[in-house]
Amino acid sequence: MNIIIVGCGKIGRTLTEQLCKEGHDISIIDEKKELVENIANKFDVLGVIGNGASYTTQVDAGIEGADLLIATTGMDELNLLCCLIARKIGKCHTISRVRNPVYGREIGIIKEELGLSMIVNPEQAAAMEIARLLRFPSAIKIDTFDRGRIELLKFKIKQGSKLDGYRLMDISTKLKCDVLVCTVERGDEIRIPNGQFLLQGNDVISIVAVPKKAGEFFKKIGLGTTKVKNTMLVGGGRISFYLTKELLHMGIQVTIVEKNRARCEELSLEYPEVLIINGDGIDRNLLCEEGIERVESFAALTNMDEENILLSLYAKHRSNAKLITKVHRVELDDVILEMDLGSIICPKNIVAEHIIRYVRAMENSARSSNIETLYKIIENKAEALEFIIRERSAVTDVPLEKLNIKDGVIIASIKHKGNIVIPKGQDVIREGDSVIVVTIDSEIDDIADILKN
């Protein structure tokens, strides 16, 4: 597809990189010459220097032949204007980044009246992901399929835990748990394991299960399944604003530490029931006075990665809290993961994943593919795909054990007439089923692609 990205900041750069890898023709627009030249040269895309809301600039970028325009500048109003002009000129799909909470209350009207295909809010998306994690604190990451009826949970096996030294087949035979381990991260190695695979301490594994079965599994291996009762947020920015609203709805007590006094006053007016502390979150004495040793969860959400990392390391040292660490720059992700900072939240990646999911849906609709949903389980290394089986094919009505499935592919669940099954060898896929496939092969666009040639 021909895609124009307006704004070469963190999200624009991330989208350019990922969409180029997926084979799309990308044009970028930004007023900053150095940014445009740097990204254009690195990813071999068309770079246009100028105002993305300008008719001439959009024409130079190829708007008349574009399938999609994505506006990701730092100004909500400019993003909306870019999309409006693109709709008038090229009649293409449009996606706008809108961050201001004021617009959040009117987002449905804005989307409908401007004819937007999608509106993304990095901070709100990050807040929703954090809220899911605090609802199920043993997990590092949680994704959902089928409106929450199936969950994909990632967590780390601790040294000496019940799963340390377990074969995967023992999970069903000994623990009697109806879950499927679909990926194992061991150091730099990513595996789609079979039943004989031996788990080890420090492995990071992803499981697929219905929520009730996932809860039973975590209880049997000695991990908590109940939401946290309280949390401390350091940094009173937009993520904390959106997150606090969600946590209050969940009945979680919130304390926010923010060093900007004016921002503290704004948060106090919006959330009078929340304890707002005006102070520097890096002050150890302040954190101890406010009860860091007693909190059940701790989120470092300042605008500085280094500060967030230090805060989480200190919270890890002083408490047993569930840790959330916001990191913008994930280039050194191997080093960051070794620090064991709990759940790493990267707003730009969350939003990029949402947009790429939409782009995939556009592609699939155009070529009648049967992919319904896509999640990146492990950045650029493993995906979970949901397929709707609309017609018979080589994969239907054949026991799974008799299918010649590619290496690096596993069928994680089958939903048949409303019933969800974690499949075994004798199960079959039928017309009308919903199927989740986990794979390290990024070339799978159709359910038939899971088979060897």
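**Contacts, rings and a cavity**

Visitor: What does Leu175 touch, not counting residues up to four places away in sequence?
Guide: Leu175 touches Lys162, Leu163, Tyr166, Asp170, Phe217, Lys220 and Ile221, leaving out residues up to four places away in sequence. Contact here means heavy atoms within 4.5 Å.

Visitor: Before going on, what kind of model is this?
Guide: This is a predicted model, in which local features need pLDDT of at least 70 and side-chain atom pairs count only at pLDDT 80 or more, while totals for chains, interfaces and linings use all residues. Residues are numbered from 1 along each chain as its sequence is written, and side-chain values use heavy atoms, with hydrogens and water left out.

Visitor: Back to Leu175. Buried or exposed?
Guide: Buried, at 6% relative accessibility. The cut-offs are under 20% relative accessible area for buried, over 50% for exposed and partly exposed in between, with a 1.4 Å probe and protein chains only.

Visitor: And where is the place of Leu175?
Guide: In the loop between H8 and S9. Helices (H or I, at least four residues) and strands (E, at least two) are DSSP runs, numbered from the N terminus. H8 covers 169-173 and S9 covers 180-186.

Visitor: How far is Leu175 from Ile221, C-alpha to C-alpha?
Guide: Their C-alpha atoms are separated by 8.6 Å, and the two residues are 46 residues apart along the chain.

Visitor: Which loop holds Lys176?
Guide: Lys176 also lies in the loop between H8 and S9. Lys176 is exposed, with a relative accessible area of 61%, whereas Leu175 is buried. Lys176 has a positive phi of about 55° although it is not a glycine.

Visitor: Changing topic: how many aromatic pairs does a search of the whole structure find?
Guide: Six. Rings of Phe, Tyr and Trp (its six-membered ring) pair if their centres lie within 6.5 Å; planes under 30 degrees apart count as stacked, over 60 as edge-to-face and the rest as tilted. One of the pairs is Phe136 with Phe218, edge-to-face, 4.9 Å centre to centre with 70° between the planes.

Visitor: Which parts does that pair tie together?
Guide: Phe136 lies in the loop between helix H7 (122-135) and S7, and Phe218 lies in helix H9 (residues 211-220), so the pair ties together parts that are 82 residues apart in sequence. Phe136 is buried at 10% relative accessible area, and Phe218 is buried at 0%.

Visitor: What about the rings of Phe217 and Phe218?
Guide: The centres of those two rings are 5.7 Å apart and the planes are at 85°, so this pair is edge-to-face. Phe217 counts as buried at 0% relative accessibility. Ring pairs link Phe136, Phe155, Phe217 and Phe218 into a cluster.

Visitor: What sits over the ring of Tyr166?
Guide: The charged end of Lys174, 6.0 Å from the ring centre. The test is NZ of Lys or CZ of Arg within 6 Å of the ring centre and within 35 degrees of the ring normal.

Visitor: What lines the largest cavity?
Guide: Lys141, Asp143, Leu152, Leu153, Lys154, Ser206 and Ile377. The largest share, three residues, comes from S8.

Visitor: Where does Ile377 lie?
Guide: In strand S18 (residues 371-378). Ile377 is buried, with a relative accessible area of 4%. Ile377 and Lys141 are 236 residues apart in sequence and 8.7 Å apart in space, C-alpha to C-alpha.

Definitions and conventions. 1 Å grid on protein atoms, 1.4 Å probe; cavity = no way out; pocket = protein on both sides within 12 Å on 5 of 7 lines; lining within 4 Å.
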